[in-house]
Amino acid sequence: MAQKCVHKGCNKLFTDPEEPCTYHPGPPVFHEGQKGWKCCKPRVLTFDEFMNIPPCTTGKHSTVDDTPAPEPQPSNEEVDAKLQANKVKKEQEDAQPAVARQPIAAQAPKPSPSPAPPEEEDDDPSLPIPDGVTCKRRGCGATYKAGQSRDGEECVHHPGIPIFHEGSKGYSCCKKRVLEFDEFMKMPGCKTKGNHLFVGKKKEEGAEETIKDVRNDFYQTATSVIASLYLKKIDKERSKVEFAAANTVELDLHTADKTRYQTSMVTFGPIVPEKSSYKIMGTKLELTLAKADGMGWPVLRKDDPHTGEIIQAGRAGRV
């Protein structure tokens, strides 16, 4: 009788206990937007990329979860020492000139709209389906067996995107939230579709996928705004960043993963183009925007909604 391996990154059905199993022996790690496994080095930004990180260990299948328990928490003395170091660092940063702030009209905080579910996709009938491939839809987990009939298939899945917020985990398409990653991975789908998605549509060779938005954040000092736009594997040779005017940054970013992000970013406040700069890193584009007037920015872009929050001036201390 076939059994399902519970190793992270495997989850295959097996009948031979001696069959090789490739998996992640460590627990998942989510930190400051990055996702990965404790047992290996790769870190990614999106959940889909996280789920596709290649397993790093080869062993045997198992029906018992043997993921190591979390490490013990640091002692009170270690915590106190770290807090003291952060306090000293904060005192040094507080010595910087204060950031002047423009008066902001009071606005009721607007809840972020739920991301629209991605467009539904179906398998291209001209493409072969490899034996043992798993359905690509989130939460389904069905496996294709060579030669099986696809009549009467039912794909129970989550059409929304994963949401991790303050320790809770769930999907944008339904209300259920859980705390543990294993519980999240076992959440039953909330929508049923007639067929599974094993291979998807045929991709044109060399074609780029255009993305409409990327995650970003920023902090500021009295003289500059440092903004991070999170996009992985930006191609430095083909990408363009231009400080085009006193309040506009032209971005045309291409990645090694065949994606493109293009926009004209209108900043909240005026900048000095010739004093502004940028740096392309492995997982993001960092913009250093020189302020023209020294005023504080409540948001990064001019058309971003004001939430009434006071944005960090200088780097925040971490505990």
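The structure is a predicted model. Its largest nonpolar core has 21 residues, and a second, separate core has 12 residues.

**The largest nonpolar core**

- Seven names stand out here: Leu229, Val241, Val249, Leu285, Leu287, Leu289 and Leu300 touch the most other members of the core.
- At least two residues of this core come from each of the strands β16 (224-230), β17 (240-245), β18 (248-254), β19 (259-266) and β21 (284-290).
- In soluble globular proteins, nonpolar side chains tend to be buried together.

**Leu289 and its contacts**

- Leaving aside residues up to four places away in sequence, Leu289 touches residues including Val225, Phe243, Val249, Ile271, Trp297 and Leu300.
- The contacts of Leu289 also include Thr223, Ser224, Thr267 and Ser276.

**The second core**

- Among the 12 residues of the separate core are Phe47, Phe50, Ile53 and Tyr171.

**Strands β4 and β5**

- Strand β4 (residues 28-31) runs antiparallel to strand β5 (residues 34-37), and 4 bridges join them.
- Pro28 has Trp37 in β5 as its bridge partner.

**Strands β5 and β6**

- β5 is also joined to strand β6 (residues 43-44) by 2 bridges, and this pair runs antiparallel.
- Lys35 has Val44 in β6 as its bridge partner.

Terms used. Residues are numbered from 1 along each chain as its sequence is written. This is a predicted model: local features need pLDDT of at least 70, side-chain atom pairs count only at pLDDT 80 or more; totals for chains, interfaces and linings use all residues. Side-chain values use heavy atoms; hydrogens and water are left out. A nonpolar core is a set of buried Ala, Val, Leu, Ile, Met, Phe, Trp, Tyr and Cys residues joined through side-chain atoms within 4.5 Å. Buried means under 20% relative accessible area, exposed over 50%, partly exposed in between (1.4 Å probe, protein chains only). Contact means heavy atoms within 4.5 Å. Two strands pair if DSSP finds at least two bridges between them.
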